[in-house]
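Open the structure in your viewer and keep the selection tool at hand. We will go stop by stop.

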Amino acid sequence: VLVFFYGSNIAVKYAINWLFFILGAYLGILFSVIFYNLFLFISIKDRNYFLYILYIFFLGLAQYTLAGFAYKYLWYNSPAINLFAVPVTTSLAAIFGIIFAMHLMRTREFTPIAHKVYLGFIFLYSIAIIFSLADMNNVSYFIININSLFAGATSIFASSYIARKGYRPAFFFFISWIAFCLGLVIFALRNLGLIPSNDFTTYVLYLGSAIETILLSVALADRINTMQKEKVLSQNYVLQVSLEKEMLIKEQNILLEQKVHERTGELE
């Protein structure tokens, strides 16, 4: 429509401005989330925040690289880096995202099978990085796309299963991954050529990723509340056990005194 009414130059400028707006808003959200969680990590010293920061950093770098801006502003003097930058940054984002998910949802405790499957995904993403560095990007992209589909499905099922056990952070993780995986699945299907490439299939990943980062921050905050409640319950349990022991000791002392008096009376 823009080409028809205003000419090709106006249409191209409009598309570029739209891309800058979407990417700028997306990166603005990511930087806000990174600094917010960095402050919490410094205050609380919880490694989940550090893992989340690494995940968000590489996720933003992957999107920045995919849009072509990383080559333009970061390594413009080293064009060779651009040959493997997209699959490597994408794989690193996925690896740190999986590690963060494993720690946040405590998969080793709640679902050992999903925990082992996650370790397999990390291994495959590492293989994708090796293939990319070996100048075999076709194989690397294929592994990333297939792996992303199965990793997304695994995250949805695992978070749903853990959430049903009453672990609240898994519920927020489930909601966030529903939003992100919808965008991820559409994006992967586009890369595989199964659906057409258009503005929606190109930019949907930004929207899903932005929603995911915000909801995961909520999940981390809820995890703090959960830990505080567990701490309070643990302290109450310890206090209750201590009081019960104290009452038992008092009762034993009373019985001992009675026996001493009885024995003294018998001796007298």
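**Stop 1: a buried serine**

Select Ser 159 to begin, in helix α8. Helices here are DSSP runs of H or I with at least four residues, strands are E runs of at least two, and both are numbered from the N terminus. The model is predicted, with local features needing pLDDT of at least 70 and side-chain atom pairs pLDDT 80 or more, while totals for chains, interfaces and linings use all residues. Residues are numbered from 1 along each chain as its sequence is written, and side-chain values use heavy atoms, without hydrogens or water.

Is Ser 159 buried or exposed? Ser 159 counts as buried, because its relative accessibility is 0%. The cut-offs are under 20% relative accessible area for buried, over 50% for exposed, and partly exposed in between, with a 1.4 Å probe and protein chains only.

Now show the side chain. The side chain of Ser 159 reaches the backbone oxygen of Ser 155 at 2.7 Å. A polar contact is a pair of N or O atoms within 3.5 Å; within protein, one must be able to donate a hydrogen and the other to accept it, and residues adjacent in sequence count only if both atoms are side-chain atoms.

Next, show the surroundings. Setting aside neighbours within four places in sequence, Ser 159 is in contact with Met 105, Ala 170, Phe 173 and Phe 174. Contact means heavy atoms within 4.5 Å.

**Stop 2: Asn 137**

Stay in helix α8 and select Asn 137. Asn 137 is buried too, because its relative accessible area is 16%. Which backbone oxygen does its side chain reach? The side chain of Asn 137 reaches that of Leu 83, at 2.5 Å. Beyond neighbours within four places in sequence, Asn 137 is in contact with Leu 83, Phe 84, Pro 87, Phe 131 and Ser 132.

**Stop 3: two loop residues**

Select Asp 135, in the loop between α7 and α8. Asp 135 counts as exposed because its relative accessibility is 63%. Check its backbone: phi is positive, about 65°, although Asp 135 is not a glycine. Most residues other than glycine have a negative phi.

Go on to Arg 106, in the loop between α5 and α6 (107-110). Phi of Arg 106 is also positive, near 50°, and this residue is not glycine either. Arg 106 counts as partly exposed because its relative accessibility is 26%.

Glu 109 forms a salt bridge with Arg 106, and the closest N and O atoms are 3.0 Å apart. A salt bridge is a side-chain nitrogen of Lys or Arg within 4 Å of a carboxyl oxygen of Asp or Glu. How many salt bridges does a search of the whole structure find? The search finds one.

**Stop 4: the core**

Select Tyr 26, Tyr 52, Tyr 55 and Met 105. These residues have the most contacts inside the largest nonpolar core, which has 62 residues. Such a core is a set of buried Ala, Val, Leu, Ile, Met, Phe, Trp, Tyr and Cys residues joined through side-chain atoms within 4.5 Å. Elements giving two or more residues to this core include α3 (47-66), α5 (85-104), α9 (168-191) and α10 (199-267). Helix α5 gives the largest share, 11 residues.

Zoom in on Tyr 26. Apart from neighbours within four places in sequence, Tyr 26 is in contact with Leu 59, Gln 63, Tyr 206, Ser 209 and Ala 210.

**Stop 5: the surface**

Select Phe 31, Phe 35, Leu 38 and Ile 42. Together they make a nonpolar surface patch of about 420 Å². Patches are made of residues with over 30% relative accessible area and no salt bridge; like charges are joined within 9 Å, and nonpolar side chains (Val, Leu, Ile, Met, Phe, Trp, Tyr) within 5 Å. Accessible areas come from the Shrake-Rupley method with a 1.4 Å probe; for residues, only the protein chains shown count as cover.

Ile 42 is found in helix α2 (residues 8-44). Ile 42 is exposed, because its relative accessible area is 52%.

**Stop 6**

Ala 221 counts as partly exposed because its relative accessibility is 30%.

**Last stop: the whole protein**

Clear the selection and zoom out. The protein has 10 helices and zero strands. Buried residues make up 40% of its 268 residues. The accessible surface comes to about 16000 Å², and 69% of it belongs to carbon and sulfur atoms. Among contacts between residues at least 6 apart in sequence, 67% join residues at least 24 apart.
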